[in-house]
Amino acid sequence: MNIKSAIGNVSKIVLSLLLGGLILFWMYRGFNVSDIADVLRHDVDWTWMLLSFPFGILAQMFRGWRWRMTLAPVGEHPRVGVAINSIFLSYALSLVVPRIGEFARCGVLRRYDGVSFPKALGTVVTERAIDSLLVALVTAVTLVWQVRVFDSFFARTGTSLDSILSGFSVAGYVVTAVCGAAALLLVWLLLRRLAVYQKVKDAVGGVWQGVVSLRGVRGKPLFVAYTVAIWLCYFLHYYLTFFCFESTSHLGVSCALVTFIVGSIAVIVPTPNGAGPWHFAVKTMLILYGVADTDALYFVLIVHSVQTLLVVLLGVYAWISLSFTEKRATAARP
């Protein structure tokens, strides 16, 4: 890695941390640390928080089991423990460098079980596409169900789909499409001229095999069940925390689902575990459901911090577990 590339990577990490930190500072600039400590000691029902933990753990375990199913059609069969630990570790590493976890978990399988990195990465792309489709479907249903709440949210945050789309004319869409196609063509031509074209081509071919692996998955009902279980566990991991606070304990499943969806979308912003954007989005939605501003701020800070700590602990466990895991004797893989 050259110096320019290293500086670029460090800059991305710094900007990510800075963005999340600035949002959190702006949200909590008037808070006293001693007040937060008092809330932690006296106003949080930790029994419900502890009851939410198994669902957070299960969500990642289901993801590991599902991943093995997508790898099987491309001839890769990692051990169950290695696959699950790779998921645990990937989430923890993403707290330091957003989005690096997807590559890290492929690297873990490559290191310990000799799984082809390009193929593993391709299956990750497939998984993400399936997850995005499910979240989009649930979002659409929730949007129709709670349309008035979303209208209030967009008004409060100054977000308007009409204002975004109005900036494009028909000609604008056409020009954008043409420019996009031209850019892809240019990249393709440049790759053909590179001396390492064949190597890149082989890697892309491996990724594509992973992407289309879903067609060969055996037991598709089980794959669907794992997918539903992943997101159901994520939701329960979040929803049970409502009962930890008096200000949110009376809110129903509809509020939990709306805030869960908004929070899931907010974490697309590349900050560690969505810190900052997640706090702002969920806090805003809770206020629309009648939660006091201060109580909403306490809720998002404590819930996010505790759940992030769980991710860290699982990552540490995975790192220790992998340290005692024997590597398979396999031939060199790409």
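I take helices (H or I, at least four residues) as DSSP runs, numbered from the N terminus. This is a predicted model: local features need pLDDT of at least 70, side-chain atom pairs count only at pLDDT 80 or more, and totals for chains, interfaces and linings use all residues. Residues are numbered from 1 along each chain as its sequence is written, and side-chain values use heavy atoms, with hydrogens and water left out.

**Entry: charged pairs**

I counted a salt bridge wherever a side-chain nitrogen of Lys or Arg is within 4 Å of a carboxyl oxygen of Asp or Glu. That rule gives 11 salt bridges.

I began with Arg105. Its side chain meets that of Glu102 in a salt bridge, 3.3 Å from N to O.

Next I checked Arg66. It forms a salt bridge with Asp131, the closest N and O atoms being 3.0 Å apart. Arg66 lies in helix 3 (residues 46-71) and Asp131 in helix 6 (residues 117-145), so the pair ties together parts that are 65 residues apart in sequence.

I then traced the network of salt bridges. It links Arg63, Arg66, Glu102, Arg105, Glu127, Arg128 and Asp131.

**Entry: nonpolar interior**

A nonpolar core here is a set of buried Ala, Val, Leu, Ile, Met, Phe, Trp, Tyr and Cys residues joined through side-chain atoms within 4.5 Å. The largest has 49 residues, of which Phe242, Leu286 and Phe299 touch the most other members. Helix 11 gives the most to this core, with 10 residues. I listed contacts (heavy atoms within 4.5 Å) for Leu286. Not counting residues up to four places away in sequence, Leu286 touches residues including Phe242, Cys255, Phe299 and Val300.

**Entry: surface**

Which side chain in helix 14 (residues 293-323) did I look up? I picked Trp319. Trp319 is exposed, with a relative accessible area of 57%.

How values were computed. Helices (H or I, at least four residues) and strands (E, at least two) are DSSP runs, numbered from the N terminus. Buried means under 20% relative accessible area, exposed over 50%, partly exposed in between (1.4 Å probe, protein chains only).
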